[in-house]
Amino acid sequence: MPVKILMVCLGNICRSPLAEGIMASKLPKDKFSVDSAGTGSWHIGHAPDSRSIATAKKNKLDISNQKGRQFSSTDFETYDYIYVMDKSNYDNVIELAQTPEQKNKVQIILNELYPNENVDVPDPYFGMPNGFDIVYNMLNEVCDIIANKLKETHL
Ligand code: 4NP
């Protein structure tokens with residue numbers, strides 16, 4: 001059984017699809033699976049935002065086949081690690097958790113780089129065009145740390 005990792009943001013079209021693509025590229029596919037979801041329902045079934053697809057492509061990742069879906073409380077059973085992009089995602093996900101074990105699966109992703117600081121991956125949806133490069137660079141840096149930790153723990 002592969003170790004299952006879920007990346008969560010609000011819309012599941014900007015940040016978490018990039019996080020999914022970046023993390024999947026750093027882990028062996030036979031031992032780990034990576035997915036993403038949004039806490040909101042607006043983009044169920046949608047491809048990632050074209051700006052996320054373009055940013056991924058610039059970095060040699062293809063995320064164009066991903067499909068948006070909404071986070072559900074059953075995801076606590078399916079996934080081993082749940083990484084959220086910001087504090088509001090954290091609050092929305094934790095609200096659906098029913099046990100301390102489920103709550104323990106949820107981490108604000110940048111806390112793996114800046115422990116306990118609760119730094120947000122900024123939502124680039126309404127922002128400047130270079131917001132997507134900023135998000136990519138933050139996620140690439142933290143996903144290196146997480147991937148190394150996961151490989152040490154599970155391989
Ligand atoms: P994401 O960005 O959470 O990084 O996917 C957003 C995308 C869409 C919306 C909000 C955030 N929206 O309100 O539609």
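Predicted model: local features only at pLDDT ≥ 70, side-chain atom pairs only at ≥ 80, totals over all residues.
## Basis of the model

Residues are numbered from 1 along each chain as its sequence is written, and side-chain values use heavy atoms, with hydrogens and water left out. Local features need pLDDT of at least 70 and side-chain atom pairs count only at pLDDT 80 or more, while totals for chains, interfaces and linings use all residues.

## Ligand site

Polar contacts are pairs of N or O atoms within 3.5 Å. A polar backbone atom of leucine 10 is 2.9 Å from an oxygen atom of the ligand, and a backbone N or O atom of isoleucine 13 lies 3.0 Å from a ligand oxygen atom. Of the 350 Å² that the ligand exposes when taken alone, the protein buries 91% (Shrake-Rupley method, 1.4 Å probe).

Buried means under 20% relative accessible area, with a 1.4 Å probe and protein chains only.

## Helix α6

Helices are DSSP runs of H or I with at least four residues, numbered from the N terminus. Helix α6 has 24 residues, 131–154, and should span 34 Å at 1.5 Å a residue; its end C-alpha atoms are 33 Å apart, which agrees. The expected span is 1.5 Å times one less than the number of residues. Among the buried residues of α6 are Phe132, Tyr136, Leu139 and Ile146.

How values were computed
Helix = DSSP H or I, 4+ residues; strand = E, 2+ residues; numbered from the N terminus. Buried < 20%, exposed > 50% of the residue type's maximum accessible area, 1.4 Å probe, protein only. Polar contact = N/O pair within 3.5 Å; in protein donor to acceptor, adjacent residues only side chain to side chain.
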